[in-house]
Amino acid sequence: MKRSTTQDNVRPPGLFYKSVTSKKSAGYDSGKVSVLHCEGKDLRDLGQTHGTPLYLYSAQTLRERTRVLDTAFGNFPHTLCYAVKANSNIRLLRFLARMGCGFDVVSGGELERVLRADKRSAKRVVFSGVGKTREEIALALRSGILLFNVESPAELDVLLETASQLRIKTRMAVRVNPDVDANTHPYISTGLRQHKFGVPLEEAHSLYSRVAGHKYVNAAGVSVHIGSQITAVAPFGEAMARVAALVVQLKAAGFGIRYVDAGGGLGISYEGESTDFGTSVKYYARAVLKPLRNLDVHLLLEPGRVLIGPAGVLLTSVIYTKSNRGKDFVIVDAGMNDLLRPALYQAHHEIVPVVRDDSRKKTTVDVVGPVCEAGDFLARDRKLPQVESGDLLAVLDAGAYGTAQASNYNTRGRPAEVLVDGTRTKLIRHRESFEDLVRLEEF
Ligand code: LLP
């Protein structure tokens, strides 16, 4: 197969259409066709080798986004603590660890994953979440993590007790709830008074006072996280201004506050990058850093989606097309169990054909999965070039909260996952078999 150099970016730098000379394949004429590539790989080949549905990640995109975000914070002392919940594949965690990332975990399981990926990363782990159990706290203490983000007085009791019992020294921050509206989907907004997250700003001081002079736990930071998929930078700036004011107060009261954890939440443009990524992170960094300039603190960030989201694609095959009283459906082999976001948040994911054929007419369809729920859709009323059984479609920006929220509903095995780096591919999770699904059941 001869390949020309024409490239049309879809999600740069890893995902693009490339014009290739192809022999006649199902439904397409021979000659030049424009085929979606992940770096050096033709998505048709990946689908053929690994089957569908299939999650693909571009190493180059992940690398580039991590580098750009890191660079935006310049020489302000900082650590990117990747939010493991966005995508917890161990190989991806190792990849990020090698780039110098720390991690934000919200469960003992996520911490175990980080340890499995790279034991030495423990010292760059922050532990968030409203419901850390005593066992999880003990595991984190034994692992020597960087920081506990404490979210309630009751959790603080358990942390102080457990650290004393185990005689392990550690650091804590109070995760404050700044009462800032992040203007995002209600399910993923966390920084308002009515949310379960964090400690009200006005109550934070009393928690720090309880830590003062503790033999094992040191009050070392202030944390905040206001939500996810936030596309304006002003709420970040507002939250940081409130955090900075608290840091000043705490320092004046004699606390050695060394860390500010700004959380994650920077959004991506699911409809295609409207501004370039470098510019949007520059504004984000500016908003976050402005209130911190004179504070002499080390900044921790917990980005998830913004790093891994656009690096991932869900590759799926059309099983059937059908029409019910004038409404057209494209039934694909990926369902809500593979990618829950559209069903749960009415989230938009771009869907593009792997082989682009401009002669095909566009029609308005619902792209739905095989799961027996009316909510099982990937897209509704979407204009797509006409497709037929066997065609491949790519669901974009599926790297974050895709596999992480996948389930076995309808006894469907989770998809395989492949990391593409240039022309190399690595199977980083096997497709689940029926045996995997019933392994823990008694027959
Ligand atoms: N830090 C904390 C404490 C968090 O709760 C979260 C996300 C993050 C960091 C990472 O946020 P990111 O940078 O990825 O926005 N399943 C939803 C998103 C849930 C986010 C939960 N917390 C979705 O698919 O949109």
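**Exercise 1: a loop residue**

Thr 411 sits in the loop between β21 and β22 (416-421), where strands (E, at least two residues) and helices (H or I, at least four) are DSSP runs numbered from the N terminus. Before going on, note that this is a predicted model, where local features need pLDDT of at least 70, side-chain atom pairs count only at pLDDT 80 or more, and totals for chains, interfaces and linings use all residues. Residues are numbered from 1 along each chain as its sequence is written, and side-chain values use heavy atoms, with hydrogens and water left out.

Task: work out whether Thr 411 is buried or exposed, and what its phi is.

Solution. Start with the cut-offs: buried means under 20% relative accessible area, exposed over 50%, and partly exposed in between (1.4 Å probe, protein chains only). Thr 411 has 54% relative accessibility, so it counts as exposed. Then look at the backbone: phi of Thr 411 is positive, about 50 degrees, although it is not a glycine.

**Exercise 2: the ligand**

Step two, check polar contacts (pairs of N or O atoms within 3.5 Å). A side-chain N or O atom of Lys 85 is 3.4 Å from a ligand oxygen. Ligand nitrogen atoms have polar side-chain atoms of Asp 104 at 3.2 Å and of Gln 405 at 3.1 Å. The protein buries 92% of the 590 Å² that the ligand exposes when taken alone (Shrake-Rupley method, 1.4 Å probe).

**Exercise 3: two cis peptide bonds**

Task: say where Pro 13 and Pro 53 sit, and which residue each is joined to by a cis bond.

Solution. Take Pro 13: its loop runs between β1 (3-11) and β2 (15-22), and the cis bond joins Pro 12 to Pro 13, with omega about 0 degrees. Now Pro 53: its loop lies between α1 (43-50) and β5 (54-58), and the cis bond comes from Thr 52, with omega near -10 degrees.

Conventions. Polar contact = N/O pair within 3.5 Å; in protein donor to acceptor, adjacent residues only side chain to side chain.
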